[in-house]
Amino acid sequence: MKTTLTKLLVLFVVLATQSVFAGGDRVNNGGGLAEKNVIYAYEKLESYIKLCLVSDTCKLNPTQQFILQKIYDGLPSDKNSTQLSFSSERANPGRFIIDGNVRVAKTGSLPGSAIMINVDLLYNKNQNGSYEAMSIPEAVAVLVHEFGHHYGNYSHEELDLIGVRVSLLLQSNLISTPLVPWRSDISMTVLNQDASGAFPDVLLYVGNDIIDISRQYKAEIECVAFKIPIPLLPLPDIKLNTKTPKGSIFHNLHWDKIKDSETTLDVQITGNVSNRCKVKSDTEIRNNSAQLSIKFRMNKSIDTWIYDPQSLSLRQFEEQWWKIIKLPNLPN
């Protein structure tokens, strides 16, 4: 834990003091993705901060807890539709220089102050020579730092450390599963919040697009009180008294059933679903027997894959070991 924290602190020092070549239009596989991660982190910031505030594993000391609580309490009135913007230090020399260093972001000292993000520092070149976009947890750390300036004259070091604490907790709950291990242009990211009443954030990454399918995931999962097995494929079992779960976790993801052509790519990703199901008026249990598959199609445009929103399909199911007879001429 100490080593990871040290590495993250070093990362933010580097971001604060160096100008890294990147930028939305100049990175073939990264343009715009980091900006979208920042915007998504901005929209979800309250829930991510709350996750840290109520978790002992976030390891906040009393002063950090106090500052983060002030940020959390102020966010509903602090945030506004025009608060977040992106600019470039390279294109506007001096815009992001604070205390002699080039910073990844800057803001004012009052609630509601604009927050400007330096796009020059949103992408880093990895060991393979390609550019990686700032992740959602990293963006959360930056935003916590900037919002902290709205609630007191705190040092950059204090706010960096608080932001890293929140970021570390998110990373420990984050699952990222790329279609190809050494590439990130097609992947799924799941952020689980293992708390009563919590559901995961489920995101598809296709090229430079982020597709949030959390709502579709929540609508598909279910708790089944009673089931009558039908041993004939492909006939579904009879489910009785199904209910909406009180919470859910999505984990153990893997890609399968990939079907490609010159112009289309059909994929499926499957994972285990642990639903919090209410079995009595005062009892909740984790039902760990279900799985969930997510299917979608991508269409190729020149050298870029484009997500087809009409192709999305989600299905919760269980291993059908009792299916011993398959009817002829019917799909499985």
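Helices (H or I, at least four residues) and strands (E, at least two) are DSSP runs, numbered from the N terminus. The model shown here is predicted: local features need pLDDT of at least 70, side-chain atom pairs count only at pLDDT 80 or more, and totals for chains, interfaces and linings use all residues. Residue numbers start from 1 along each chain as its sequence is written, and side-chain values use heavy atoms, with hydrogens and water left out.

**View 1. An open sheet of three strands.** Welcome to the sheet, whose strands come in the order β1-β5-β4 with mixed pairing; two strands pair if DSSP finds at least two bridges between them. Because β1 (84-87) and β4 (105-107) stand at the edges with a single partner strand each, one side of each has no neighbour in the sheet. Neighbouring strands here are turned by 25 degrees against each other on average, direction ignored. Axes are lines fitted to C-alpha atoms, for helices over the stretch in contact, and angles run from 0 to 180 degrees between N-to-C directions. Look for β4 and β5 (residues 115-118), which pair in the antiparallel sense over three bridges. Alanine 105 faces isoleucine 117 in β5.

**View 2. Helices on the sheet.** Helix α2 (residues 33-43) lies across β1 and β5 and runs at about 160 degrees to β1. Helix α5 (residues 136-148) packs on the sheet too, touching β1, β4 and β5 (contact means heavy atoms within 4.5 Å). The direction of α5 makes about 25 degrees with that of β4.

View 3. β9 (186-191) and β10 (201-206) each supply at least two lining residues, and β9 gives the most, with three.

**View 4. Around glutamine 216.** Glutamine 216 lies in helix α7 (residues 214-220) and is partly exposed, with a relative accessible area of 25%. Not counting residues up to four places away in sequence, glutamine 216 touches Leu312 and Leu314. Glutamine 216 and leucine 314 are 98 residues apart in sequence, yet 7.6 Å apart in space, C-alpha to C-alpha.

Technical notes: Buried < 20%, exposed > 50% of the residue type's maximum accessible area, 1.4 Å probe, protein only.
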